[in-house]
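Work through the following exercises with the sequence and the model open side by side. Each task is followed by a solution that goes step by step.

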Amino acid sequence: MKVLFGGLFSIFLIGICFFSFAQTKPSAILGKVLMENKDAAEAATVVLLKAADSSVVRSALADAAGKFGFANISPDTYLLLATSIGCSKVYSSSYKVLEGQNIVAENIVLKRISNQLQEVKVVAKKPYIEVKPGKIVLNVQNSLTAEGNSAYDILRQSPGVHVNSTNETLMISGRQAALITIDGKPTNLTGDDLVNLLRSMQSSTIDQIEMITSTSAKYDASGGGVINIISKKGTNIGTNGTINLGGGYGKYYKSRAGITFNNRSAKLNIFGNYTFDDNKTSRYLNTNRNIIYNNVLSNYNVDYNNIQKTQNHNFRFGADYAISSKQTIGVLVSGIVRKDHFLKNNDLKISNQKQLDSVIIAQSALDRGNSFINYNINYNNTLDKSGKKLSADVNYSTYHRHSNEYITNNFYTPAGVKYRDSLQLENLSPSDIHIWTAKMDYVNPISKTSRLEAGVKYNHVQSDNNLIFGPLINNAYQADPNYTNRFIYTEIVSAAYLNYVGKIGKFDITAGLRAEKTNTTGTSIPMDQTNRVTNKNDYFNLFPQMQVSYELDKKNALNLSYNRGIERPDYQSINPFLSYTDLYDYNSGNPKLKPDYTNSIQLAHTYNDKFITTLYYNITNDAYDFPIYEQNDSSKVNITTKRNFGRIFVYGLTFYAPVQFNNWWGGSFNLEAMYQRYKAYAIYGNFNRGMQDIIFNTSQEFKMSSTITAELSGMYETPTLYGINELKQQYRVNAGIGKQVLNKRGNLKLSVIDIFNSDKFRYKVQYQNVDFTAIDKRETRRVMINFTYRFGKTSVKSASKHNTGSDDEQRRTGNSN
């Protein structure tokens with residue numbers, strides 16, 4: 001039909017031309033439009049333009065043979081413009097047409113465009129820190145001092161984040177341990193293992209970090225908020241990614257290399273990243289403990305030095321497949337394989353009545369290996385045009401650790417004379433943890449401005465931990481039955497939630513209720529397999545949540561939120577083992593430890609979508625997440641453990657202000673001022689103390705040229721309390737400079753972290769019969785240089801958030817040294 005119509009149309013045009021020429025001898029231009037392969041460019045548009053000013057005279061369509069014609073035109077000089085969908089525009093040379101002249105133009109050849117839609121480049125740069133009611137967002141790629149650092153280093157220097165001085169736990173929302181997720185998926189680790197995982201994640205693999213203090217009921221109930229790390233993933237058809245190389249020096253060397261990649265086709269998206277770290281770090285710890293027994297003052301002063309070599313492999317590989325336009329299925333495998341070697345030196349000086357009595361020098365070598373693998377399969381389905389959605393996840397995680405330490409204790413008089421034989425000890429602590437999780441979520445829009453969300457979740461955890469501890473006797477290590485033990489722990493959590501999200505006038509409302517049923521069984525098996533001790537817990541909890549936002553006017557808005565959360569103990573905290581530090585210092589778990597519960601309320605005011613002021617109040621019952629020291633004055637042995645100590649009351653205010661001073665200098669300021677009060681239950685004495693905590697963070701960015709930027713950031717925190725620990729002030733300053741290279745696909749950045757080497761924990765404890773001070777200094781000052789190169793298409797978006805569901809329980813699988 002097209003061919004017939006084109007032929008008739010051509011005959012019609014030619015007939016008109018000849019008829020007009022026969023009558024009035026008019027002028028005309030005829031021609032043909034072809035493609036590069038010489039095929040006719042059927043339906044191409046040809047425009048006749050006046051050469052003098054490019055004004056349009058008329059236009060025509062090429063027929064099936066690519067022919068076109070302009071008849072009855074006035075004498076003038078003309079241009080021809082040919083266009084077609086998917087092809088570049090082509091202009092002809094000029095033609096001078098005289099009265100009564102017919103001109104046959106040269107063939108016009110169109111060229112196809114390789115990419116019909118060019119990549120959209122976003123030129124507006126997001127600030128590094130964005131603060132919203134109940135949430136702080138870090139745009140990691142927009143910070144010089146974040147570049148080349150790990151996720152952990154970025155977080156511990158971020159506004160709103162507190163760090164536990166004893167095990168480096170990350171805390172937000174009034175010093176409660178945060179729930180850590182990666183793309184909404186569980187981390188499976190806690191303690192040192194979680195810190196090590198976060199330290200293995202390169203900034204080049206991270207798009208954003210969300211720190212959420214006010215969550216909805218669809219999240220696992222958490223009193224300490226959520227830290228969600230969002231990985232980068234490409235959106236364009238084709239392949240893109242980032243190569244990262246970095247190195248530096250503090251007291252010892254640091255090195256890192258990694259790649260992030262993404263390959264997307266119409267139906268399949270394959271993505272992943274891999275990083276390798278090879279680092280050497282140091283740590284110094286001094287404790288100075290005073291003991292009064294029978295009117296004799298004893299002092300136990302410990303200098304602990306540790307050199308740690310680490311090789312770490314961190315990986316994440318996955319694929320999403322579009323079964324149809326509404327259904328997607330995905331798989332994900334992620335993990336960490338880590339090898340650590342520690343050289344420890346522990347010098348203990350024992351004094352009585354201020355006179356040195358003896359010195360015990362303990363040296364040890366510790367080899368530890370961890371492997372953590374997480375498997376996930378997920379499914380998402382948009383059920384209809386109204387927006388009903390169904391998603392499901394199945395998750396399996398396995399964690400294995402071997403830890404072999406051999407310790408030699410040497411005993412000296414004040415004069416340096418060895419007064420007894422060396423004591424050699426073996427300390428083996430293997431661990432295996434398995435976690436199975438299944439969850440399903442459903443979203444049902446009930447109007448254009450509201451929806452209901454519902455979901456269920458089942459989680460099963462099994463943890464198997466061994467401790468083999470004892471001395472070397474007759475050239476063979478003998479397990480000590482007082483310390484050697486096995487602990488098997490099982491936890492099952494079943495949960496369901498219902499959530500409403502809607503808008504009523506100027507009010508935005510989110511309200512939900514989450515129900516969680518928990519069953520736990522912990523069995524301690526002594527060396528002789530007899531006298532097993534089993535502790536069981538069975539409890540049910542409801543966790544309400546609500547957020548209400550109200551827009552006062554175009555520049556002012558209020559947000560009120562309430563949240564109830566739970567903090568379950570990590571699996572090592574309920575493990576009853578005595579963990580050796582030195583002959584007079586041990587760590588112990590508590591199998592009777594119960595979860596604590598936090599009720600939080602926040603009121604936030606936002607001005608002009610920039611300045612945010614937040615008032616908050618938290619109260620925590622059965623608080624346990626800080627160390628308790630139990631000292632035997634007679635034996636001089638101190639055991640560090642955890643107890644459901646009492647209640648914590650926190651009143652606070654935060655203020656965030658981004659400021660653009662001029663076109664080359666911008667910055668952000670974050671102030672948090674709180675008052676904390678710790679009140680012990682009667683069984684733990686009359687401890688009832690309160691203290692302020694003021695934290696100031698700032699980040700300043702300087703645009704020195706179109707390709708060079710510099711950054712200066714800093715933090716200061718006043719003295720404060722953390723449980724029965726009284727912390728001294730802290731501060732640090734970081735700086736960096738970066739330059740874009742290789743046509744802005746590459747970045748070369750130099751940064752200096754903790755310029756003044758001031759980042760350390762200093763604290764003292766005066767509680768009942770315990771009196772000691774401590775300084776904990778890790779290697780924080782370092783100079784780093786980092787190079788990143790982006791290949792392929794450079795636009796990225798966050799990874800699909802496959803919320804596998806094992807959020808809270810999986811972050812509790814780790815252990816502490």
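A residue is called buried when its relative accessible area is under 20%. The structure shown is a predicted model, and by that cut-off buried residues make up 51% of the 817 residues in the protein chain.

**Exercise 1. Decide which parts of the chain can be read in detail.**

Begin with the overall confidence: the protein chain averages a pLDDT of 85, and 88% of the residues score at least 70. Next, look for stretches that fall below this level. Over residues 1-24 the pLDDT stays under 50, and the model has 13 contacts beyond four places in sequence for them. Residues 795-817 also have a pLDDT below 50, although this stretch has 132 contacts in the model beyond near neighbours in sequence. Where pLDDT is low, the predicted coordinates should not be read in detail.

**Exercise 2. Trace the pairing partners of strand β25.**

Start from the inventory, in which the protein chain has three helices and 51 strands. Strand β24 (residues 355-382) pairs with β25 (residues 389-412) in the antiparallel sense over 24 bridges, and within this pair I373 stands opposite T398. The two strands form a hairpin with six residues between them, where G387 in the turn has a positive phi of about 105°.

Then follow β25 to strand β26 (residues 418-428), with which β25 pairs in the antiparallel sense over eight bridges; here F411 has R420 as its bridge partner. This hairpin has five residues between the strands, and G416 takes a positive phi near 90°.

Finally, β25 pairs with strand β27 (residues 431-447), again antiparallel, over 13 bridges, and the bridge partner of S391 in β27 is D441.

**Exercise 3. Work out the strand order and pairing of the sheet that contains β39.**

Four strands form this open sheet in the order β34-β35-β39-β38, with mixed pairing. The edge strands, β34 (578-582) and β38 (628-631), each pair on one side only. Neighbouring strands are turned by 25° against each other on average, direction ignored. For a parallel pair, take β35 (residues 585-588) and β39 (residues 638-641), which are joined by three bridges; D585 has N638 as its bridge partner.

**Exercise 4. Which residues touch the most other members of the largest nonpolar core?**

Of the 76 residues in this core, the answer is L198, I209, M211, I227 and F645. Taking I209 as an example, and leaving out residues up to four places away in sequence, its contacts include I136, V137, L138, I154 and I227. A second, separate core of 23 residues includes L48, F68, C87 and I108.

How values were computed
Residues numbered from 1 in each chain as written. Predicted model: local features only at pLDDT ≥ 70, side-chain atom pairs only at ≥ 80, totals over all residues. Heavy atoms only, no water. Core = buried A, V, L, I, M, F, W, Y, C linked by side-chain atoms within 4.5 Å. Buried < 20%, exposed > 50% of the residue type's maximum accessible area, 1.4 Å probe, protein only. Contact = heavy atoms within 4.5 Å. pLDDT = per-residue confidence, 0-100. Pairing = 2+ DSSP bridges. Axes fitted to C-alpha atoms, helices over the stretch in contact; angles between N-to-C directions.
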